[in-house]
Amino acid sequence: MLFDDGKMQKHKTGQIVNSTTAEPDLGSHKYSKLWQGPNHPGITGNMSLELTLQGDEIKKMRTHVGYLHRGFEKLMERRRFINNFPLVCRIAVPEPDFNEYCYAAALEELAGIEVPEYAHWMRTLILEMARLQSYLMWLGGQAGAFGMGMVGQWTLYARDRVLDLFEELSGARIYHIFILPGGVRNTLPDGFEQRVNETLRVIEDTLKDVDRVLFNNAVFKKRAVGLAHIDPKWVDEYGITGPNARASGVPRDVRVDNPYAAYPHLDFEPVVEFDGDVYTRARLRWRDMLLSVDLIRQIFARMPKGGEFKAQLPNMLHWTIPKGETYKKAECTRGEYGYYIVTDGSKFPRRVNVRGPSYTHAVTLAEMMLENCNLADVAGTMVSLHTYPPEVER
Amino acid sequence: METVLKNVRDRYNVLHETHTHGVFITVSPNDVIGLLAYLKNVEGFTHLVLLTAVDWIEENQFQLTWLVNNPVLKQEMGIRAFIERSVWPEESVMDSAHHLWPAAKTYQRELHEMFGIDFPDSPEVNEPLILEYWDQLPPYRRDFDTKKYSEETYFPREGRYTRDPKTHMEAKLYAREGKKQ
């Protein structure tokens, strides 16, 4: 691959040069360079793919991030623990709730705060609703990348219904800041369960339509089946988690492996598929949405009808947390989302490191996978990996 | 986990352990790569969750943390090592783990850029990941002053002004009473 004579080349040190270190000779007039991004419908957010092409075949791909770097991790070191909530939710724009949960859970563990049971159920409900709305947006993007923009319009309508619920619950559509240390901000409004059930029915109907229109579509099948296959062996090598791993037959799901919030009280198994291509990953996420619908119904059936929703907390502006370090994680729509927090006994975190699943999926994995891929399939493959640039550069 | 820890203690000089909020062990920087290889190949900690650094500027040290996960036993372990904090533009140095996990190269590239910690032989470690043409103090070090950098690099927009929060709020809250006593 990549080399003019069609053979693997040897570096002068005697080592086999792999594609990550070798540069195609652009002066040979056999290659052309194309930049996809930083603004491109195939990528959520701003990220640039530097593509080296031979004809329409990609010989080398490099991910360039940095267009969204806001230095959140640095900023968090200079703010009080509670003042960081408006920052953490902005790290993964379509999925703020997982950030809020991980950050709050890490602080609770370090400060030794017990969260009331009702708050655990509320958090689980919010996380599953967040999963649904994020998946719905993704599904529209995946269909759009293969030329079916109509599906995106249906799924965004369904997503808007979920956002309406979030607005009713928290007053905000995107950045909810509803999960706080010690619990959640409020109880459920009257009649909320009924409105959630109505929305779930809309989502189920939408998913049935999507099943007919997208998953049985000859064009989608022809293009997505067998495309961008992830080998199960790569899962550990490249730090692949979540749906990208589960679609290759590796059952990685934090909700099941290390249950948190109210997940231990729910009956479910991780959705697993085996073919590991774009079609399978889409199918898996479609099934995951149905699982979320089921989980939300289970939550309403099993959660207490009321109770304490927040633990007693000290004055947040003078809150100090003892010296320590911890890592808390949750399963978001893209995989393992985690916060590694180090405290030094002061009013400020010493270090906050955000482990977003896109960090490995969008850089190391995508660079390796897109080699020898056709230019027309880049957008579909990148959407299929479900990456969000903001969490790569934080 | 206790068996794993015992095996690790038998083979490596564990300098410190904490079990309060998950298992974190501290070893010498020279032992880290060997320990990671042992944990990955023998004890089944096959998933590198993250690699990051903490700047303990007061002690003149960088703490490096590798978090590894055993997906079969569903266990996690943090490996810590403390290296000397170099004076910029000199770089601190640590061994690379990219041969164990190809994904480690991205973490190492970021640490090189953000903290000035070099991982010799790590692929593309000198290439910028997030910043472009950055030749100043690595920005995630504690002594990098974000406000000063911002004031020196960007110009104030015309018509905008900044108030000192303390005096502004005092003036706003206690306007009738004069200056707060």
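All 8 of the 8 residues of helix 13 (residues 378-385) of chain A are buried, so helix 13 is largely enclosed by the rest of the structure; a residue is buried if 20 or more other C-beta atoms, placed from the backbone, lie within 10 Å of its own. Helices (H or I, at least four residues) and strands (E, at least two) are DSSP runs, numbered from the N terminus. Among the buried residues of helix 13 of chain A are A:Val378, A:Met382 and A:Leu385, and helix 13 of chain A is followed by A:His386, whose phi is positive, near 55°.

This is a predicted model, in which local features need pLDDT of at least 70 and side-chain atom pairs count only at pLDDT 80 or more, while totals for chains, interfaces and linings use all residues. Residues are numbered from 1 along each chain as its sequence is written, and chains are lettered from A and ligands numbered from 1 in the order in which they are written.

An open sheet of 3 strands in chain A has the order 6-7-8 with antiparallel pairing, where two strands pair if DSSP finds at least two bridges between them. Strand 6 (324-332) and strand 8 (349-355) of chain A stand at the edges, each with a single partner strand, so one side of each lacks a neighbour in the sheet. The twist averages 15° from one strand to the next. Strand 7 (residues 335-343) of chain A is joined to strand 8 of chain A by 6 bridges, and A:Tyr340 stands opposite A:Asn353 in strand 8 of chain A.

Helix 3 (residues 96-111) of chain A packs on this sheet, touching strand 6 and strand 7 of chain A, and contact here requires C-beta atoms, placed from the backbone, within 7 Å. The angles of helix 3 are tabulated below; axes are lines fitted to C-alpha atoms, for helices over the stretch in contact, and angles run from 0 to 180 degrees between N-to-C directions.

| Element of chain A | Partner of chain A | Angle |
|---|---|---|
| Helix 3 | Strand 6 | about 150° |
| Helix 3 | Helix 4 (residues 117-145) | about 150° |

The axes of helix 3 and helix 4 of chain A are 8 Å apart, and these two helices are therefore roughly antiparallel to each other, a term for angles over 145 degrees. A:Asp97, A:Phe98 and A:Tyr101 in helix 3 of chain A meet residues of helix 4 of chain A including A:Arg123 and A:Leu127.

Between the chains, 33 residues of chain A are in contact with 31 residues of chain B.

Technical notes
Two residues are in contact if their C-beta atoms, placed from the backbone, lie within 7 Å. Angles under 35 degrees count as roughly parallel, over 145 as roughly antiparallel, 65 to 115 as roughly perpendicular and the rest as oblique. A residue is buried if 20 or more other C-beta atoms lie within 10 Å of its own, exposed if 12 or fewer, and partly exposed in between; C-beta atoms are placed from the backbone.
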